[in-house]
Amino acid sequence: MQEGRLDGQTWSEALRLYEWVCTFVGVAPREHQEWWLDVGAIMRLETRDPRGWESVDPFEDEEERLDDPQFPWLDTPATPADADRYQARADELPRSSVRSLLVLLAVAASGTDASRTAGWEEHLPERERRADAILKRFPDGTRFYTNLGWKGESPDFYKQSSRSHASFSQYEWDAGLIAVNDHEVAVFWNFQNV
């Protein structure tokens, strides 16, 4: 992975952060003033990455998806009324906390102190390098949202051991990040049965 440069190959390498966990990653062009409608299109797999870059769908060709095309989502925002309902389930997150959340979505440590997971110290530099590469796609001015609750103004998701969440999925626990700017919308979401 080349430092300082983001292209399709670098993006794909960075997404390896999620290769051993059940994490969904999708990016779409921003087509609506009400960006929740773009989030819904990503969740329903109705759109593709505007740059033609890789996405991650851990449910592709899985039996659950064949039975329910919307799986694993409970429902998805498709109307302005849905957008109003979804806004109450996600709060804006400061950019300074996004890297730790991107890494948390790769560790899959639901409700625990991520820094206590096996191999944490050993793997952290590589995880952060990949998270930083992902973050490069989203320029200053991008707004970030999560369904996780947190303490303080700038949470460190490595260390917050008790997190509330507003569920978006059929799983017992899910954690997500939504990135929104004038051109693109991205959804990063981890799913777990605990």
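This is a predicted model: local features need pLDDT of at least 70, side-chain atom pairs count only at pLDDT 80 or more; totals for chains, interfaces and linings use all residues.
A residue counts as buried when its relative accessible area is under 20%, as exposed when that area is over 50%, and as partly exposed in between. Asp68 illustrates the middle class: its relative accessible area is 28%, so Asp68 is partly exposed.

The chain contains 6 helices and 5 strands. Read from the N terminus, these elements follow the order α-β-α-α-α-β-α-α-β-β-β. Along the principal axes, the C-alpha atoms occupy a box of roughly 45 × 35 × 35 Å. How does the radius of gyration of the chain agree with that of a compact globule? A compact globule of 194 residues would have a radius of gyration near 16 Å, and the chain has 16 Å, so the two agree. Of the 194 residues, 51% count as buried. Contacts can also be sorted by how far apart the partners lie in the sequence. Among contacts with a separation of 6 or more, 71% are between residues 24 or more positions apart.

The buried residues are Val98, Ser100, Leu101, Leu102, Val103, Leu104, Leu105, Ala106 and Val107. What do these buried residues of α5 pack against? Their partners are the helix α6 and the strands β1 (23-29), β2 (91-93), β3 (143-146), β4 (173-180) and β5 (184-192).

The packing of helices can be described in simple geometric terms. Two packed helices are described by the angle between their axes and the distance between the axes. For α5 and α6, the axes come within 9 Å and cross at roughly 120°. That angle makes α5 oblique to α6. The crossing of these two helices is right-handed. On the α5 side, the residues in contact are Val98, Arg99, Leu102, Val103 and Val107; on the α6 side, they are Trp120, Leu124, Arg127, Glu128, Ala131, Asp132, Ile134 and Leu135. By class, the residues of this contact comprise 9 nonpolar, no polar and 4 charged. The spacing of such contact residues may be read with one general rule in mind. An α-helix has 3.6 residues a turn, so residues three or four places apart point the same way.

The helix α6, residues 120-136, also packs with α1, residues 8-15. Here the angle is about 140° and the axes are 8 Å apart. Is α1 roughly antiparallel or oblique to α6? Only angles over 145 degrees count as roughly antiparallel, so α1 is oblique to α6. The crossing of α1 and α6 is left-handed, whereas that of α5 and α6 is right-handed. From α1, Trp11, Glu13, Ala14 and Leu15 meet Glu126, Arg129, Arg130, Ala133 and Ile134 of α6. This contact has 5 nonpolar, no polar and 4 charged residues.

The segment before α1 contains Arg5. With a relative accessibility of 45%, Arg5 counts as partly exposed. Apart from its neighbours within four places in sequence, Arg5 is in contact with Thr10 and Lys136. Arg5 and Val107 are 102 residues apart along the chain, and their C-alpha atoms are separated by 25 Å.

In the loop between α2 (36-43) and α3 lies Leu45, whose phi is near 60°, a positive value in a residue other than glycine. Leu45 is partly exposed, with a relative accessible area of 33%. The loop between α2 and α3 also holds Asp61, and the phi of Asp61 is near 65°, again a positive value in a residue other than glycine. At 66% relative accessibility, Asp61 counts as exposed.

The loop between α3 (63-67) and α4 (80-87) contains Pro72. A cis peptide bond joins Phe71 and Pro72, with omega at about 15°. Asp68, the residue with which this account began, lies in the loop between α3 and α4. The C-alpha atoms of Asp68 and Asn147 are separated by 23 Å, and the two residues are 79 residues apart along the chain.

Methods
Residues are numbered from 1 along each chain as its sequence is written. Side-chain values use heavy atoms; hydrogens and water are left out. Axes are lines fitted to C-alpha atoms, for helices over the stretch in contact, and angles run from 0 to 180 degrees between N-to-C directions. Helices (H or I, at least four residues) and strands (E, at least two) are DSSP runs, numbered from the N terminus. Angles under 35 degrees count as roughly parallel, over 145 as roughly antiparallel, 65 to 115 as roughly perpendicular and the rest as oblique. A crossing is left-handed if the near helix is turned anticlockwise from the far one by less than a right angle, and right-handed if clockwise. Contact means heavy atoms within 4.5 Å. Ala, Val, Leu, Ile, Met, Phe, Trp, Tyr, Cys and Pro count as nonpolar, Asp, Glu, Lys and Arg as charged, and the others, Gly among them, as polar. The radius of gyration is taken over C-alpha atoms; the globule rule is 2.2 Å times the number of residues to the power 0.38. Buried means under 20% relative accessible area, exposed over 50%, partly exposed in between (1.4 Å probe, protein chains only).
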